Amino acid sequence: FLMRAGVDNRLATWFATVLQFLFFLMPTSPLPYVPNFFFGALLVFIMLDLSVDWLWHARRKLSLLEYGNLWAALALIIVFDLELGMLLGCLVCALGFVFTYARMTSFEFVEGRARVVGARYH
């Protein structure tokens with residue numbers, strides 16, 4: 001989280017590392033002394049951060065079909081519980097791959113530093 005917050009300082013990284021190591025060395029767990037609302041707020045913060053990254057910022061990095069698969073998998077997880085939703089989401093993504101692969105009609109070799117087969121949609 002330091003890099004995402006724009007902190008580019010080694011002192012802050014070392015401070016976080018030493019602090020975590022000191023928590024590790026404590027003879028008792030510090031968790032009973034931390035209020036429950038802190039954990040709830042931390043989980044909400046992480047959830048919002050991951051949701052914005054995976055659902056909003058990903059729209060420019062993915063094709064329309066892949067972005068639809070992402071939202072479909074999320075909807076399936078919400079509707080059918082985590083395990084079944086993930087299984088159904090994987091099936092939806094596999095079907096999306098099959099349809100994308102079926103649309104490809106020709107392949108050509110692309111010369112470069114590595115021999116790569118490039119696919120083109122026609």
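A crossing of two helices is left-handed if the near helix is turned anticlockwise from the far one by less than a right angle, and right-handed if clockwise. The views below come from a predicted model, in which local features need pLDDT of at least 70, side-chain atom pairs count only at pLDDT 80 or more, and totals for chains, interfaces and linings use all residues. Residues are numbered from 1 along each chain as its sequence is written, and side-chain values use heavy atoms, leaving out hydrogens and water.

**View 1. Helix 3 passes helix 4 in a right-handed crossing.** Residues in contact (heavy atoms within 4.5 Å) include Leu-65 and Phe-80 of helix 3 and Leu-82 and Thr-100 of helix 4.

**View 2. Asp-81 sits in the loop between helix 3 and helix 4.** Its phi is near 80°, a positive value in a residue other than glycine. Most residues other than glycine have a negative phi. Asp-81 is exposed, at 52% relative accessible area (exposed means over 50%, buried under 20%, partly exposed in between, with a 1.4 Å probe and protein chains only).

**View 3. Tyr-67 and Trp-71 lie four residues apart in helix 3, about one turn of the helix.** Tyr-67 is buried, at 17%, whereas Trp-71 is partly exposed, at 40%.

Notes
Helix = DSSP H or I, 4+ residues; strand = E, 2+ residues; numbered from the N terminus.
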